Amino acid sequence: MSPENLEQRICRRNAHEWEGKTSKEMNLACELLLEQQPAYRSQAANSIIPTIEINTDNKDWESYAKQIYLFNELLL
C-alpha cells in the first residue's frame, strides 16, 4: 500500500477494530506500518522463498492474481 492510502485501507480492512479510535491512534498505526515495511522487505529479500511485492492500491484483485500466477510460472 502506498503511504497516502494507508489510513483508508487500514480502516476498511478491520473496520470494527478502529471504531472509537482517535486520529492519533490511527496515525501511530500508520507510522508503525511504514516503519516496519523496510524490515519486511529485507526479510523477504533474505529468504530462500521467492517473493513478489504487489501494490494493491487499485484493488484490481484479478490483475494481482495473474501477477502471482505468472510469478509462480517463472519459478517452475
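**Reading the labels**

Under the ring-pairing rule, this predicted model has 1 aromatic pair.

Q: What makes Trp61 and Tyr64 an aromatic pair, and why is it called edge-to-face?
A: Their centres lie 5.3 Å apart. Ring centres must lie within 6.5 Å to pair. The angle between the planes is 75 degrees, and planes over 60 degrees apart count as edge-to-face.

Q: Where do Trp61 and Tyr64 lie?
A: Both are in helix α4, 3 residues apart. That spacing is about one turn of the helix.

Q: How do you know whether Tyr64 is buried or exposed?
A: The relative accessible area of Tyr64 is 8%. Buried means under 20%. Tyr64 is therefore buried.

Q: Why is Asp57 called buried?
A: Its relative accessibility is 19%. The cut-off is under 20%, so Asp57 counts as buried. Asp57 sits in the loop between α3 (23-46) and α4 (61-75).

Q: Which residues does Asp57 contact, leaving aside neighbours within four places in sequence?
A: They are Met1, Ser2, Asn5, Arg9 and Tyr64.

Q: How do you know whether Ser2 is buried or exposed?
A: Ser2 has a relative accessible area of 14%. That is under 20%, so Ser2 is buried. Ser2 belongs to the segment before α1. Not counting residues up to four places away in sequence, Ser2 touches Asn55 and Asp57.

Q: What makes up the largest nonpolar core?
A: The core has 7 residues: Met1, Leu6, Ile10, Trp18, Met26, Cys30 and Leu33. α3 gives the most, with 3 residues.

Q: Why do nonpolar side chains gather like this?
A: In soluble globular proteins, such side chains tend to be buried together.

Q: Which residues does Trp18 touch, not counting those up to four places away in sequence?
A: Trp18 touches Ile10, Cys11, Glu25, Met26 and Ala29. Among them, Ile10 and Met26 are also core members.

Note on methods: Residues are numbered from 1 along each chain as its sequence is written. This is a predicted model: local features need pLDDT of at least 70, side-chain atom pairs count only at pLDDT 80 or more; totals for chains, interfaces and linings use all residues. Side-chain values use heavy atoms; hydrogens and water are left out. Helices (H or I, at least four residues) and strands (E, at least two) are DSSP runs, numbered from the N terminus. Buried means under 20% relative accessible area, exposed over 50%, partly exposed in between (1.4 Å probe, protein chains only). Contact means heavy atoms within 4.5 Å. Rings of Phe, Tyr and Trp (its six-membered ring) pair if their centres lie within 6.5 Å; planes under 30 degrees apart count as stacked, over 60 as edge-to-face and the rest as tilted. A nonpolar core is a set of buried Ala, Val, Leu, Ile, Met, Phe, Trp, Tyr and Cys residues joined through side-chain atoms within 4.5 Å.
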